[in-house]
Every structure is written in structure tokens, then in C-alpha cells.
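Student: I would like to learn how to read helix packing and backbone geometry from a model. Can we work through one case?

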Amino acid sequence: MEALFAITLGVLTSSGVYLLMRARIYPVVMGLTLISYAVNLFLFGMGRLGTGVPAVIGKSSEYGDPLPQALVLTAIVIGFAMTAFVVVLSLRALGELSTDHVDGEEPR
Amino acid sequence: MNHGVILPILLPLFAGSLLLILSRLSMTGKRWISMCSTLALLPLSVWLLLQADTGVLHVYALGNWQAPFGIVLVLDRLAALMLVVTAVLATFAALYAIRGDDERGPNFHALLQFQLLGINGAFLTGDLFNLFVFFEILLIASYSLLVYGGGPKRVKAGMHYVVLNLVASSLFLIGVGTLYGLLGTLNMADLAVKIAAADVERQPLIAAAGYLLLIVFGLKGAILPLYFWLPSAYASATAPVAALFAIMTKVGLYAVIRVFTLMFGSEAGGLAHLVDELLWPLAMLTLAVGAAGALAMRSLERVIGYLVIVSVGTLLAGVAIATPESLAAALFYLVHSTWVCGGLFLLADVVARQRGELRGRLREGPRLLQPLLLGSLFFMAAISVAGLPPFSGFLGKLMLLRSAQTGEQMLVLWPVVLIAGLVMVIALGRAGSTLFWRSAPESAADAESDWVRILVVIGLLAFSPLLVVAAQPVQEYMQATAQQLLNLQPYLQIVRGGEA
């Protein structure tokens with residue numbers, strides 16, 4: 001499971017970075033979203049992967065760590081707000097600069 | 001527990017929320033609420049400074065959940081100092097804004113309060129994840145403030161700023177996640193204890209997380225390879241926003257000082273002084289590039305933007321030397337450069353308003369309405385920021401130069417700082433002579449003159465001579481702050497039970 005998890009994170013991050021480098025607003029937003037998915041999964045994995053582990057102490061000898069879940073929740077909320085902001089800003093940029101390049105002008 | 005510690009966070013939070021709820025209120029009402037909150041932060045932070053100056057660490061456990069299980073706020077001398085610096089800067093920025101800049105959109109004051117909430121929170125928190133949250137609060141407020149007023153220039157600069165900071169936030173989370181996964185805690189004092197006791201085979205991963213955090217703080221603080229967003233962002237922001245942003249790079253530097261003296265400081269065993277070696281060349285290069293950039297720029301706002309980068313480099317040099325003397329010098333320089341650069345951004349706006357179409361571009365333009373007064377103010381601020389006597393920049397630089405310990409450090413630090421100073425004098429001299437002397441006989445038709453704005457600029461710039469007059473108590477406080485930062489035992493006591 002660890003290997004699958006790690007590969008997923010790697011694929012998400014590298015796709016995100018690739019899209020980010022496209023320097024067009026829509027791919028950039030998609031890239032940022034993929035990276036933040038990868039980061040959220042990463043945070044989640046920091047509580048160690050396991051199945052059938054209750055998040056309550058005393059029910060079994062092993063218990064899940066609830067803190068990463070709380071962190072991920074915070075990170076998701078913040079990431080979502082930030083993505084919304086970028087989308088609004090890019091619409092504004094499209095209106096003001098009439099290009100979807102992040103530099104505000106078409107590359108020569 | 002001293003409940004005053006959380007007030008610098010609660011006050012702007014409530015003021016900002018109130019402003020959002022009452023968004024249909026008239027502009028006068030909004031200004032009253034915003035100014036009351038901003039002005040109240042001043043005595044509050046001074047009071048906290050006096051509390052912190054007793055040398056006791058004030059630990060505030062939120063919800064009374066003791067560290068390391070709950071989130072704590074920690075008020076030490078450094079945090080209190082940063083609060084005062086922010087409160088003073090914010091007061092003048094807000095006073096400047098209420099002369100008309102806040103009318104370009106409906107929610108300037110709410111954003112200003114949330115910005116202050118984020119900044120104050122970042123200074124007070126003792127928890128790494130909480131630091132991330134406060135960073136995000138100050139960032140989302142700053143995104144909106146940066147593009148406040150609209151226009152293609154702002155949107156373009158804002159886009160870079162937002163995307164870069166979103167990537168940095170992801171890196172921050174990866175760093176924090178790695179530290180949590182390895183050490184099982186997020187409280188900074190607890191992290192310091194755990195890092196000191198970490199296994200040798202885990203140390204490289206912990207170091208990697210540390211370097212990730214350095215990249216994040218480096219982007220916020222505009223350290224060398226990560227500063228390219230700053231000049232255009234600051235130059236295109238509305239003047240009071242640009243002035244307020246003078247503290248934003250310092251938030252990044254504050255985080256560098258906090259994390260790398262506490263978590264990776266002298267007590268960190270194999271990871272002690274993780275980044276000190278790295279910070280030194282970065283500081284020198286940032287200084288050199290900042291000075292060169294100031295010389296190359298063709299508009300006043302951009303020149304000042306590069307001056308901010310020079311101040312970052314100078315400060316970082318003090319942090320990299322990492323002796324009590326150098327840290328004290330760096331902190332003195334931090335206070336000086338924040339206020340003077342803020343003042344310069346406001347002054348640049350006053351000047352730009354009298355130059356018609358040209359604004360801050362450094363070309364021969366119309367005559368200013370008060371060339372003598374504005375010229376003298378610019379002259380004074382320029383001398384101060386370049387580090388010539390008799391103003392505060394000189395004292396800060398002198399202390400920094402004297403704190404260089406080894407011959408090698410002196411050999412690098414002295415020429416770099418002094419030549420950068422000379423280059424800044426040339427850049428500012430060129431800017432000043434173009435703006436104030438090489439002017440047409442008539443003034444621009446749409447020139448605006450507002451005495452209140454000029455008084456605000458004078459007020460903020462007056463802190464530079466004031467810092468010189470009060471140099472002795474200020475310097476004593478900085479010395480005590482540096483001593484407190486480098487003596488980690490009281491911090492480590494936070495997690496070993498009770499208030500230290």
C-alpha cells in the first residue's frame with residue numbers, strides 16, 4: 001500500500017508541476033489543484049497508513065492518529081479558498097489583459 | 001495566564017468581521033471602526049512589550065490545552081517588538097489610506113484588519129501549523145490588497161505573487177507534514193526538544209523539512225533567488241498597501257529567526273545551526289543584487305522595492321552571523337528599515353501625485369508643488385535608508401559591521417555592506433535630483449497636494465531620528481532580545497510543564 005500511495009503522490013505532484021510550467025492560467029490553476037491534492041494526501045499519510053485502525057484510544061492495541069486528519073481538513077479548506085481566489089483573479093486578468101498567459105502578455 | 005497576549009489577534013479579527021457584516025455602512029463609519037482598532041493596537045502592543053521586557057516568556061494556552069497538546073501563543077521580546085513595529089506602521093498606513101485611497105473599493109478596511117490579524121498571529125504563535133494558518137490569512141488578505149484598485153499592472157503583478165505563494169504554501173505543508181510524521185508534534189518548542197533527541201538516520205529527512213521551510217520563508221522574505229516578484233508587486237500596489245507590505249518581508253525573516261534559532265538552534269544536536277552556513281552567502285548576494293537593482297530601476301517605486309531587498313540582505317547577514325551582537329544589530333536594522341521603507345513608499349506616492357502622467361518615473365517632469373519640503377523629506381529618508389549618519393540606518397549598519405567576528409566575515413561583510421551603501425546613495429541621488437531639480441518651470445495641471453498626507457509621511461519618517469535619540473534604551477532592548485533568543489532553555493521549558 002505504501003508503494004501505491006507514494007507513486008500516486010509522485011504522479012500527482014509531477015503532473016501538477018508540469019501543468020504549472022505551462023504558464024497559461026487554466027493549466028496553472030489545474031496544476032496548483034493537483035499539487036494541493038498531493039500535499040493533502042501526503043499530510044494524511046503522515047499519520048501512517050493502516051486499515052481497520054480505530055481513531056479511539058483503548059479500543060485496540062493500535063489506534064489511528066487523528067491529528068493529520070484535522071490538519072488535512074484545515075489544509076483542504078484553505079486550499080479551496082485559495083483556488084477560488086486564483087480563479088476569480090484569472091477571470092479578472094483575462095478581462096484586464098485580454099490574454100491567459102500568466103505574464104500578462106503573449107510570449108514572443 | 002495573561003489574556004492580553006491574544007488581544008492583538010482578537011481585536012483585528014472582530015474589527016474585520018464587523019466591517020464585513022456592516023459592509024453597507026458609510027465610508028466614514030468604516031474608517032472609524034478601522035482606525036479605532038488600528039490605533040488601539042498601538043498602546044496594546046506597547047503594553048505587551050513592557051510585559052515581555054521583564055524577560056518572562058508569556059505562554060497562552062488556547063482553550064487551556066497545555067503544550068504540546070494544544071496550540072500555544074508565546075509572547076517573548078521578539079514577538080512583542082514585531083507587534084509594536086507592525087502597529088506603528090499600520091497606524092500610519094491606515095491614516096494615509098483614509099485620505100482617499102480606501103475609496104477605490106468597498107472593503108479596504110476589512111482587508112486591512114485581516115492583514116493585521118494574520119501578521120500579529122504569525123508573530124505570536126508557538127505552533128508550526130498555526131504559523132501556516134496565520135501565513136495563509138495574511139496572504140489571502142495581501143492578495144486582495146495587492147490588486148486593490150484594479151488595473152492591468154496590479155493584476156499582472158498580483159498573478160505572479162499569488163501563484164508563487166500558493167506553491168510556497170504547498171511546500172510549507174510538505175515541510176510541516178514531514179516534521180509531524182517524523183517527530184509527532186507541531187509545537188515549536190516541542191519540535192526543538194524532539195529534533196535534539198532525533199535518531200541519526202532520521203536527521204537527513206528532518207534537515208530536508210528544515211530546508212523546505214527555509215525556501216518558504218525565503219520566498220516570503222524575498223531572499224535572493226526568490227525575490228523577483230517583489231519589486232513589481234510593491235511598485236504596483238496602492239501606496240498605503242505598499243507601505244504596509246514593508247512589514248511582510250519581515251514576517252518571512254521573523255519566521256527564519258524563530259524556526260532556525262529555536263528548532264535548529266544551538267540545542268539541536270546533530271542538526272544544530274542547520275542553515276547558518278547557507279544564510280551567509282545568500283545574505284551577501286541578496287545585498288549585492290538589491291543594490292544593483294536599485295541602481296538599474298527607472299521608477300521611484302521600483303527603486304524603493306529594491307531598497308527593501310537590500311534591507312532583507314542586511315538583516316539576513318546579522319541573522320547568519322548569529323551572535324547576540326549581530327542579532328541585536330539585525331533587529332535594530334529591522335525596525336529602522338520597516339518604518340523608513342514604509343515612509344518612503346508613502347512619500348513616493350505624494351510625489352507621484354504631483355507629477356501628472358509621469359507618476360514615479362525618473363524622467364524630467366513638471367515642477368512639484370512643495371519641492372523644498374518633499375525634497376528635504378526625501379533627502380532625509382534617503383540618507384537614513386542608505387545608512388549615512390546621523391540617522392537610524394547608520395546606527396544599525398555600524399552595529400552590524402562591528403558584530404562581524406572573524407577576519408573572513410569582516411573581509412566579506414564590510415566591503416559588501418559599504419559598497420551597497422554607496423550604490424544606494426548613487427541610486428537615490430540620481431532619483432532625487434531628477435525628481436526635485438530637473439523639472440519644468442510649471443507644475444502639472446492635475447497636481448494634488450494634501451497636507452494631511454504629507455504630515456503622515458513626516459510622522460512615519462520622524463521615527464528614524466527618534467530611533468537615534470532613543471538609541472540607548474532601544475539597543476538595550478535589542479541586546480536583551482538577542483540574548484533571550486539564543487538562550488533556549490526557557491523555551492524548552494514550555495513543554496516541560498507550566499509557564500517558564
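**Reading the model**

Tutor: Ala322(B) is buried, because 23 other C-beta atoms lie within 10 Å. A residue is buried if 20 or more other C-beta atoms lie within 10 Å of its own, exposed if 12 or fewer, and partly exposed in between, with C-beta atoms placed from the backbone. This is a predicted model, in which local features need pLDDT of at least 70 and side-chain atom pairs count only at pLDDT 80 or more, while totals for chains, interfaces and linings use all residues. Residues are numbered from 1 along each chain as its sequence is written, and chains are lettered from A and ligands numbered from 1 in the order in which they are written.

Student: Where is Ala322(B) placed, and what is its phi?

Tutor: Most residues other than glycine have a negative phi, and most peptide bonds are trans. Ala322(B) has a positive phi, near 60 degrees, and sits in the loop between α13 (300–321) and α14 (324–352) of chain B. Helices here are DSSP runs of H or I with at least four residues, numbered from the N terminus. Ala222(B) also has a positive phi, about 60 degrees, although it is not a glycine. Its loop joins α8 (203–221) and α9 (230–236) of chain B, and with 26 C-beta neighbours inside 10 Å Ala222(B) counts as buried.

Student: Which peptide bond is cis?

Tutor: The bond from Pro389(B) to Pro390(B) is cis, with omega near 10 degrees. Pro390(B) belongs to the loop between α15 (371–386) and α16 (392–403) of chain B.

Student: How many residues of each chain take part in the contact between chain A and chain B?

Tutor: Two residues are in contact if their C-beta atoms, placed from the backbone, lie within 7 Å. On that basis, 23 residues of chain A are in contact with 21 residues of chain B. On the chain A side, the elements giving two or more residues are α2 (25–45) and α3, and α3(A) gives the most, with 13 residues. For classes, Ala, Val, Leu, Ile, Met, Phe, Trp, Tyr, Cys and Pro count as nonpolar, Asp, Glu, Lys and Arg as charged, and the others, Gly among them, as polar. The side of chain A that touches chain B then has 18 nonpolar, 3 polar and 2 charged residues.

Student: What is the span of α3(A), and what span is expected?

Tutor: The expected span of a helix is 1.5 Å times one less than its number of residues. With 31 residues, α3(A) reaches 44 Å from its first C-alpha to its last, close to the expected 45 Å. Its buried residues include Leu71(A), Ile78(A), Met82(A) and Leu89(A). The buried residues of α3(A) pack against α2 of chain A and against α5 (128–146) and α6 of chain B. After α3(A) comes Ser98(A), with a positive phi near 45 degrees.

Student: At what angle do α3(A) and α6(B) cross?

Tutor: Axes are lines fitted to C-alpha atoms, for helices over the stretch in contact, and angles run from 0 to 180 degrees between N-to-C directions. The axes of α3 (residues 67–97) of chain A and α6 (residues 152–183) of chain B come within 10 Å and cross at roughly 160 degrees. That makes α3(A) roughly antiparallel to α6(B); angles under 35 degrees count as roughly parallel, over 145 as roughly antiparallel, 65 to 115 as roughly perpendicular and the rest as oblique. Residues making the contact include Phe85(A) and Val86(A) from α3(A), and Met159(B) and Val162(B) from α6(B). By class, the contact of α3(A) with α6(B) has 13 nonpolar, 1 polar and 3 charged residues.

Student: How do α3(A) and α5(B) pack?

Tutor: Their axes are 11 Å apart, and the angle is about 10 degrees. That makes α3(A) roughly parallel to α5(B). Among the residues that meet are Leu71(A) and Ile78(A) in α3(A), and Val133(B) and Ile140(B) in α5(B). The contact of α3(A) with α5(B) divides into 9 nonpolar, 1 polar and 1 charged residues.

Student: Is Val176(B) buried or exposed?

Tutor: Val176(B), in helix α6 of chain B, counts as buried, with 25 C-beta neighbours inside 10 Å. Leaving aside neighbours within four places in sequence, Val176(B) is in contact with Leu128(B), Phe129(B), Phe132(B) and Leu186(B).
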